[in-house]
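Biologist: I would like to go through a structure with you, slowly please. Could you bring it up?

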Amino acid sequence: MGPLEQLGQAIAEVAAHVGPSTVGVGSRWRGGSGIVLEKGRVLTNAHNLHGDEMHVYFADGREATGTVRGVDPDGDLAVIDVDTGDAAPLAWGDGTALVIGAPVIAVGNPSGQGLRVTAGFVSGIGRSFRGPRGRRVGGAVEHTAALMPGSSGGPIVDVEGRLLGINTNRLGSGFYLAIAAGEALRAKVDALGRGEAPSRRRLGVGLAPSHVAQQLRRAVGLPERAGLLVREVEEGSPAERAGIAEGDLIVEAGGRAIGSADDLYDALGATATNEAIPVTIVRGTEERSVSVPA
């Protein structure tokens, strides 16, 4: 048997093993894929959700309606409670140990249109992408296994059919990103399965990027300054309680200079959720420090 025949046989064996564990979610026209990770539970991407109920399509043709158990929009993960029938849970592998050149097999059931199985190689590690709300998600695996639209939420696996990652993002030119499967991801998924929402610090503000802030300050004759311009403040938010107002420029948080939204997310993430965080703002030409409560 030649190498192409061996590859074909490996893909066929993975399809038979992993196919029943890979589902479609959403509708025939709008949705994605998902993974049966335990009896009665399906994991998918948060960006595939459209309401609190999700239609789930199984590889054997069965359909069922599930309810969203837990969702992490910033991490682009969601767990759905649904009758998984005889579909076996997918075994966990370790996608955090992948190296460039490692072979991977991608499986999808795009919006319930039927299984698609392709092979590729890891082309990059430690990559990042934007979650549905714009927060950067790190530690992703880049690979070359071709995917149809609607395949996000489906798995990449090794030749033994063990989960290495959850496909989430198409980069174009034949490259794709997957959230690496490992102990950290497993802990997040377990928490979502218990209905626990992830706890992340937030200010409760709408922001304009630094270059927009600089242009606006220049337009009204104020000194240019790197920072994020506050465009709105959510009522009752930590920012409002700290006295931050529309038109303020956030230039520092938690002792870190702020030049981008990622800088602010990193500063918030480095501060304990039960501690106040010091924030420096510029209002007009005056610089002042405020303490944003937990």
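Predicted model: local features only at pLDDT ≥ 70, side-chain atom pairs only at ≥ 80, totals over all residues.

Biologist: Okay, helix H1 to begin with: how far apart are its end C-alpha atoms, and what should it span?

Modeller: Helix H1 covers residues 3–18, and at 1.5 Å a residue its 16 residues should span 22 Å, which agrees with the end C-alpha atoms being 22 Å apart.

Biologist: And which residues of H1 are buried?

Modeller: The buried residues of H1 are Ala10, Ile11, Val14 and Val18. They cover an arc of only 95° around the axis, so they sit on the same side of H1.

Biologist: What covers the buried residues of H1?

Modeller: The cover includes strand E1 (22–26), E7, E8 and strand E10 (155–157).

Biologist: Switching to strands, which way do the residues of E3 point?

Modeller: In strand E3, residues 41–44, Arg41 and Leu43 point one way while Val42 and Thr44 point the other way, and all of them are buried.

Biologist: In what sense does E3 pair with E2, and over how many bridges?

Modeller: Strand E2 (residues 31–38) and E3 pair in the antiparallel sense, over three bridges, and Val36 has Val42 of E3 as its bridge partner. The hairpin of E2 and E3 has two residues between the strands, and there Gly40 takes a positive phi near 85°.

Biologist: How many bridges are there between E3 and E6?

Modeller: E3 and E6 pair over four bridges, again in the antiparallel sense, and the bridge partner of Leu43 in E6 is Val79.

Biologist: New topic: what is the phi of Asp76, and where is Asp76 found?

Modeller: Asp76 has a positive phi of about 60° although it is not a glycine, and it is found in the loop between strand E5 (63–72) and strand E6 (77–81). With a relative accessible area of 2%, Asp76 is buried.

Biologist: What about Ser111, is that buried or exposed?

Modeller: Ser111 counts as buried, at 4% relative accessibility. Ser111 lies in the loop between strand E7 (103–108) and strand E8 (116–130), and although it is not a glycine, it has a positive phi of about 55°.

Biologist: Last one, on rings: how many aromatic pairs does a search of the whole structure find?

Modeller: The search finds zero aromatic pairs.

Biologist: Then what lies over the face of Phe58?

Modeller: That is Arg62, which lies over the face of Phe58 at 4.2 Å from the ring centre.

Note on methods
Residues numbered from 1 in each chain as written. Heavy atoms only, no water. Phe/Tyr/Trp six-rings, centres within 6.5 Å; stacked < 30°, edge-to-face > 60°. Lys NZ or Arg CZ within 6 Å of the ring centre and 35° of its normal. Buried < 20%, exposed > 50% of the residue type's maximum accessible area, 1.4 Å probe, protein only. Pairing = 2+ DSSP bridges. Expected span 1.5 Å × (residues − 1). Arc of directions from axis to C-beta. Contact = heavy atoms within 4.5 Å.
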